[in-house]
Amino acid sequence: MPFRRFVETGRIALIADGPQKGKLASIVDIIDQTRVLIDGPGSNVPRQQVRLNQLHLTKFRVKFPYTASTRIVRKAWKEAKINEKWSDSMWAKKLEAKEKRAALSDFDRFKLRRARSMRNKIRSQAFFSIRKASSRNGALYGKKKMAKGGDKPKVKKGGKAEKTAAKKK
Amino acid sequence: MAPTEPKPATGDKKPDEKKPKIGKPRNYDLGNGIYRFSRTRVYHKKALYKFVGKKVAATKKPVKALTAVKPIGGEKNGEKRVVLLKKRRNYYPTEDKISKRPAKKCFKQHKRSLRTSIKPGTILILLAGPHKGKRVVFLKQLYSGLLLITGPFKINACPLRRISQRYVIGTQTRIDISGVKIPDTIDDTYFRRERKKRAKKEEGDIFSTKKESYKVSDQRKADQKIVDKEIIGAIKKNPERKLLYAYLATMFGLRSSQYPHRMKF
């Protein structure tokens, strides 16, 4: 698969390290193989040089000539609606979730665990009832092997059918 | 990371150049022993060329007399005597004075500090002792500096106990126990280990006496009941009482990729 994200003028990148960590900025110029000039007028990042290994490239790109002034970068940023697009992206949402998870207190973690186990209980109950119903009406194992009492079919070779059913979920 | 350049150590503070004070040298240290003005500069600034080859007669101060000659009456006394104008000390101690040293700080004089995360009503996670892993309620700090805690006993079987704050993680969760009254009898002496007197020699075999195992006294049981009732009453006032109940009842534990130094409590 070819590369899709390049270090180029107008590429929006997430600053992964340093004092501006976690903010978006756009590449304005390339200084050399390891450093670029960035500017983030839409995210309060002053114009500065940054090492490329501190940047994570995003899929977004805005158009402006290289070494454009902050005013032009700001205009392009606004027109491309980078801030909205970023906050809608999966990446940003995952970052947000990660942050939230890290900020949980011990009691919050306990509550989350409880809620999860509750949800899983409801889900597995629903699954079992569906499996039971479908094994009885022959939708799961065929009409010949229809289970009468429980949800297990009358299998002579062993419980292979059971395993495949569990895997489906 | 790029290596940072070593900064030159800043030396003495520069004297205010706006308000030159009399008696302060105009020359100052720039740091590393280098001075602002060179020797020749100073030579010209001070106009030292004016004084080259000139000799100034040193002013002589009149020397004060240390002794005085006094006439002495009587025939065989030599008529006069040299006397010191300033009297010598009349007492020279033979031993050094015993100076008072500051008294050694006793344990009772130590300052008792409490971690800021721990306040009355905070839920703590115990890290040591037979109840480690339990989540308990912190009641107050005792005179010895130890923390007074309770499970409550009814919820997680942790009785009224003392524990050092070193062996505890303070969580952000708090119960409002401002209205809770703890019996005044519960203090450090309350928790002291009881020492039983040794049986006297004359009575029976030494080997036949058995060690008595620890039994909870009725007093403690009664106190536990009182405190439990108060604390559970405080928990019930909390809007999340049901979850809190379950929270206190469950043990703390770490899952995979959970690091306590990176977690918030």
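A residue is called buried here if 20 or more other C-beta atoms lie within 10 Å of its own. This definition is needed for the account that follows, which concerns a predicted model.

Which residues does I123(B) touch, if residues up to four places away in sequence are not counted? They are R135(B), V137(B), T171(B), T173(B) and R174(B).

β5(B) pairs with β6(B) in the antiparallel sense, over 3 bridges, and the bridge partner of I123(B) in β6(B) is V137(B). β5(B) also pairs with β9(B), again in the antiparallel sense, over 4 bridges. In β9(B), V168(B) is the bridge partner of L126(B).

In soluble globular proteins, nonpolar side chains tend to be buried together. The largest nonpolar core of this model has 27 residues, and L124(B), V137(B) and I149(B) have the most contacts inside it. At least two residues of this core come from each of β5 (122-126), β6 (135-141), β7 (147-150), α3 (218-237) and α4 of chain B. L124(B) touches, among others beyond four places away in sequence, V136(B), F138(B), I149(B) and V168(B). A second, separate core of 16 residues includes I12(A), V28(A), V50(A) and V62(A).

Chain B as a whole may now be considered. It has 4 helices and 9 strands. From the N terminus on, its elements run β-β-α-β-β-β-β-β-α-β-β-α-α. Of its 265 residues, 14% count as buried. Among the contacts in chain B with a separation of 6 or more, 49% are between residues 24 or more positions apart.

Chain A contains an open sheet of 5 strands, in the order β4-β3-β2-β1-β5, with antiparallel pairing. Because β4 (45-51) and β5 (55-61) of chain A stand at the edges, each with a single partner strand, one side of each is left without a neighbour in the sheet. From one strand to the next, the twist averages 40°.

The pairings can be followed from strand to strand. β1(A) and β5(A) are antiparallel, with 4 bridges, and I15(A) stands opposite L55(A) in β5(A). Helix α1 (residues 70-80) of chain A packs on the sheet and touches β2, β3 and β4 of chain A. The direction of this helix makes about 130° with that of β2(A). β1(A) also pairs with β2(A) in the antiparallel sense, over 3 bridges, and there L14(A) has L24(A) as its bridge partner in β2(A). Between β2(A) and β3(A), which run antiparallel, there are 4 bridges. I30(A) stands opposite V36(A) in β3(A), and a hairpin joins β2(A) to β3(A) through 4 residues.

Why is strand β2 of chain A described as largely enclosed by the rest of the structure? The description holds because 5 of its 7 residues are buried. Helix α3 (residues 90-102) of chain A, by contrast, is hardly covered: the count of buried residues among its 13 residues is 0. This helix reaches 18 Å from its first C-alpha to its last, close to the 18 Å expected at 1.5 Å a residue.

It remains to describe where the two chains meet. The contact takes 9 residues from chain B and 7 residues from chain A. On the side of chain B that touches chain A, the elements that give two or more residues are β9 (168-174) and α4 (241-249) of chain B. The largest share of that side, 3 residues, comes from β9(B). By class, the side of chain B that touches chain A has 4 nonpolar, 4 polar and 1 charged residues.

Note on methods
Residues numbered from 1 in each chain as written. Chains lettered and ligands numbered in written order. Predicted model: local features only at pLDDT ≥ 70, side-chain atom pairs only at ≥ 80, totals over all residues. Contact = placed C-beta atoms within 7 Å. Nonpolar A, V, L, I, M, F, W, Y, C, P; charged D, E, K, R; others polar. Core = buried A, V, L, I, M, F, W, Y, C linked by C-beta atoms within 7 Å. Buried ≥ 20, exposed ≤ 12 C-beta atoms within 10 Å, placed from the backbone. Expected span 1.5 Å × (residues − 1). Pairing = 2+ DSSP bridges. Axes fitted to C-alpha atoms, helices over the stretch in contact; angles between N-to-C directions.
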